[in-house]
Amino acid sequence: QVQLVESGGGLVQAGGSLRLSCAASGRIFSINTMGWYRQAPGKQRELVAGITSGGSTNYADSVKGRFTISRDNTKNKNTVYLQMNSLKPEDTAVYLCNARWGVLELDYWGQGTQVTVSS
């Protein structure tokens with residue numbers, strides 16, 4: 001129904017910035033909330049930031065003030081971005097894009113993009 005493709009990960013030094021993008025395709029008109037999760041080795045997947053179709057946002061406490069989620073859901077487009085500033089080594093993880101679709105809020109996931117922050 002929905003395909004998600006992430007880009008923008010990479011290696012950065014502590015204090016640096018990265019911008020992640022996630023482009024949705026398919027039946028994008030029924031996408032509700034989109035968000036970014038992350039999973040570090042040996043740790044559970046955690047929500048980093050989410051944004052509703054109306055633009056309301058929420059963030060994990062650990063990234064508030066450093067990360068900003070935004071979304072472009074203009075005609076024929078549904079892309080979510082994560083601007084990450086003041087990166088820390090503990091931000092190192094695979095970052096996954098998520099979309100919740102339709103009345104049943106079905107979850108769709110991207111393939112993930114690696115973010116590595118060196119100290």
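How many positive and how many negative side chains does the protein have, and how far apart do the centres of the two sets lie? After that, please look closely at Tyr-37 and what pairs with it.

Modeller: This is a predicted model, in which local features need pLDDT of at least 70 and side-chain atom pairs count only at pLDDT 80 or more, while totals for chains, interfaces and linings use all residues. Residues are numbered from 1 along each chain as its sequence is written, and side-chain values use heavy atoms, with hydrogens and water left out.

To take the charges to begin with, the protein has 12 positive and 8 negative side chains, and the centres of the two sets lie 4 Å apart; here Lys and Arg count as positive and Asp and Glu as negative, without His and the chain ends, and each charge is placed at NZ of Lys, CZ of Arg, CG of Asp or CD of Glu.

As for the whole, the protein has 0 helices and 11 strands, where helices (H or I, at least four residues) and strands (E, at least two) are DSSP runs numbered from the N terminus. The C-alpha trace spans about 40 × 25 × 20 Å along its principal axes. The radius of gyration of the protein is 14 Å, which agrees with the value near 14 Å for a compact globule of 119 residues; the radius is taken over C-alpha atoms, and the globule rule is 2.2 Å times the number of residues to the power 0.38. Of the 119 residues, 43% are buried, a word that means under 20% relative accessible area, with exposed meaning over 50% and partly exposed in between (1.4 Å probe, protein chains only).

Now to the part you asked about. The count of aromatic pairs comes to 1, where rings of Phe, Tyr and Trp (its six-membered ring) pair if their centres lie within 6.5 Å, and planes under 30 degrees apart count as stacked, over 60 as edge-to-face and the rest as tilted. The rings of Tyr-37 and Trp-109 have centres 5.0 Å apart and planes at 70°, so this pair is edge-to-face. Because Tyr-37 belongs to strand 4 (residues 31-39) and Trp-109 to strand 10 (residues 106-109), the pair ties together parts that are 72 residues apart in sequence. Tyr-37 counts as buried at 16% relative accessibility, whereas Trp-109, with a relative accessible area of 35%, is partly exposed.

Beyond strand 4, in the loop between it and strand 5 (46-51), lies Pro-41, which is exposed with a relative accessible area of 77%. The C-alpha atom of Pro-41 is separated by 9.3 Å from that of Thr-92, 51 residues away along the chain.

Ser-21, in strand 3 (residues 18-26), is buried with a relative accessible area of 17%; leaving aside neighbours within four places in sequence, its contacts (heavy atoms within 4.5 Å) include Trp-36 and Val-80. Val-2, in strand 1 (residues 2-7), counts as buried at 8% relative accessibility, and its C-alpha atom is 5.7 Å from that of Ser-25, 23 residues apart along the chain. With neighbours up to four places away again set aside, the residues in contact with Val-2 include Ile-31, Trp-101 and Tyr-108. Over the protein, residues 24 or more positions apart account for 54% of the contacts with a separation of 6 or more.
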